[in-house]
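Subject: Handover of a structure and the findings on it

Dear colleague,

Please find below the structure that I am handing over to you. The findings follow directly after it.

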Amino acid sequence: MRILVIGSGGREHAIVRALSAETGSVHAAPGNPGIATLAETHPDTAAVPEQIVALARKLGPDLVVIGPEAPLVAGAADALREDGVACFGPDAAAARIEGSKSFAKQVMAEAGIPTGASMTCTTAAEADRALAAFGPPYVVKDDALAAGKGVLVTADLEAARAHARGCGTVVIEEFLDGPEVSLFAVTDGLTAVPLLPAQDFKRARDGDQGPNTGGMGAYAPLPWAPADLAGQAMDRVVQPAIDAMARRGTPYRGLLYAGLALTSAGPKVIEFNARFGDPETQVVLDRLASPLGPLLHAAATGGLAGVARPKWRPGSAVVVVIAAEGYPQAPVKGDKIFFAERAVVPADAYVLHAGTARGAAGELVSAGGRVLNVVGSGADVKAARGAAYELAGTVEMRGGWYRRDIAAGR
């Protein structure tokens, strides 16, 4: 297959890495310097529907895989399908499940999906009433897309009120106690197939302190999780959501991400996303032993029921995110990136590019908040995180930093 991957981050690098091992014809737009070592990149193509369609017409791909949420919400998948191109990713109407938190709550209510009680607020007075009703810890979510940084969980009432005022429409909901996990499901609108559950670390600093980020690390599988976690989530969450979307006349085709809290009453949904999670994708695909391309193509073309279920490598994977100075508030860009010359790279670790570019002289520089993803694998979580941190220690970037406790004690 000839495959076009849309996006420029670590998630897309992980997807391209998996696909490039299966086919020699992978393109990426716009891509990044790391992706460029595995695929033909099209850096002048922006991830917007019109330019994606124009590039697809030029390349004639068998499949387009859309990584980020913004082009999905903007209708890129609709435009490709209207042009006769197979696309892995939901239409704009279905992508609202991520594009609007209040819409997602409506779908969950219709489908009887377990989730926290919530109130959608459009004024400061409504927000104040919701905050008083639910009490601390306060959970305040920007209703619209916010690049993974629109959620505030805090015991500080004034901080919660300020976040609500800054968002416009917000969803304020009850706090769900219990460990959080991420479950991805590939679906063609009828059939759904679960991938490996993972856990990410959203707070900026060690000990889960600091502001929310797009994710500072992740690991998979989860040795402590119930053996039937994926089955429970598929039965109670994923399949009911897909069925509800089909009843609405907006079938969901692509990747449905369920962020779950494992409460004492069972799994409850914290959020839905309309695409592969980042950085969980990096560890989930590291463990994938069966081909990715045919799975995504079957989902895009309605043939998922006839495809063999994914197979997984034994052992574990851990990813550590190296961030730029100032992330997540105001990341500094343009810092040069070096890898220690005498460093011995662990055989069971590698680097994915998440926010990088080439400088005027061709040097590798930071170009985003989350700059590099360092992935390690091993027989268990301890070995995998050891490999990841060993390689992370060889990266040199002024102001660069990373959490030191990703998957610690897991």
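Two cavities of 30 Å³ or more are present in the structure. Please keep in mind that this is a predicted model. In general, rolling a probe the size of a water molecule over the atoms shows where empty space is left.

The largest cavity has a volume of about 50 Å³. Its lining is made up of Ile 97, Lys 101, Ala 104, Lys 105, Met 108, Lys 141, Val 171, Glu 173, Ile 270, Glu 271 and Phe 272. Three elements each supply at least two residues of this lining, namely helix H6 (101-111), strand E9 (170-173) and strand E17 (266-273). Helix H6 provides the largest share, with four residues. Sorted by class, the lining of the largest cavity has six nonpolar, no polar and five charged residues.

The second largest cavity holds about 30 Å³ of space. Around this cavity stand Val 65, Ile 66, Leu 72, Phe 88, Gly 89, Leu 255, Ala 274, Arg 275 and Phe 276. Seven residues of the lining of the second largest cavity are nonpolar, one is polar and one is charged.

An open pocket

The second largest pocket has a volume of about 310 Å³. Its lining comprises 20 residues, and those nearest its centre are Arg 17, Ala 18, Leu 285, Leu 288 and Arg 313. Helix H1 (10-20), helix H10 (280-287) and strand E20 (349-353) each contribute at least two residues to the lining of the second largest pocket. Which helix gives the most to that lining? Helix H10 does, with four residues. In terms of class, the lining of the second largest pocket consists of 11 nonpolar, three polar and six charged residues.

Two helices in contact

Helix H7 (residues 124-134) packs against helix H8 (residues 157-167) at an angle of about 145°, and their axes are 10 Å apart. The crossing of H7 and H8 is right-handed. On the side of H7, the contact involves Ala 127, Asp 128 and Leu 131, which meet Leu 157, Ala 160, Arg 161 and Ala 164 in H8. Of the residues in this contact, five are nonpolar, none is polar and two are charged.

Aromatic rings

A pair of aromatic rings is described by the distance of the centres and the angle of the planes. The structure holds five aromatic pairs. In one of them, the ring centres of Phe 184 and Tyr 257 are 5.4 Å apart and the planes stand at 35°, so the pair is tilted. Phe 184 belongs to strand E10 (residues 180-187) and Tyr 257 to strand E16 (residues 254-263), so the pair ties together parts that are 73 residues apart in sequence.

Details of the backbone

Is the peptide bond from Ala 29 to Pro 30 cis or trans? The bond is cis, with omega near -5°, and Pro 30 is found in strand E2 (residues 26-30). The peptide bond from Tyr 327 to Pro 328 is also cis, with omega near 5°. Pro 328 is placed in the loop between strand E18 (316-323) and strand E19 (337-339).

Finally, Asp 208 has a positive phi of about 55°, although this residue is not a glycine. Asp 208 sits in the loop between strand E13 (203-205) and strand E14 (209-212).

Yours sincerely

How values were computed
Residues are numbered from 1 along each chain as its sequence is written. This is a predicted model: local features need pLDDT of at least 70, side-chain atom pairs count only at pLDDT 80 or more; totals for chains, interfaces and linings use all residues. Side-chain values use heavy atoms; hydrogens and water are left out. Axes are lines fitted to C-alpha atoms, for helices over the stretch in contact, and angles run from 0 to 180 degrees between N-to-C directions. A crossing is left-handed if the near helix is turned anticlockwise from the far one by less than a right angle, and right-handed if clockwise. Contact means heavy atoms within 4.5 Å. Ala, Val, Leu, Ile, Met, Phe, Trp, Tyr, Cys and Pro count as nonpolar, Asp, Glu, Lys and Arg as charged, and the others, Gly among them, as polar. On a 1 Å grid over the protein atoms alone, a cavity is a set of points where a 1.4 Å probe fits but cannot get out, and a pocket is an open set with protein on both sides within 12 Å along at least five of seven lines; lining residues have an atom within 4 Å of a point. Grid points are joined across faces, edges and corners, and a volume is the space filled by probe spheres set on the points. Rings of Phe, Tyr and Trp (its six-membered ring) pair if their centres lie within 6.5 Å; planes under 30 degrees apart count as stacked, over 60 as edge-to-face and the rest as tilted.
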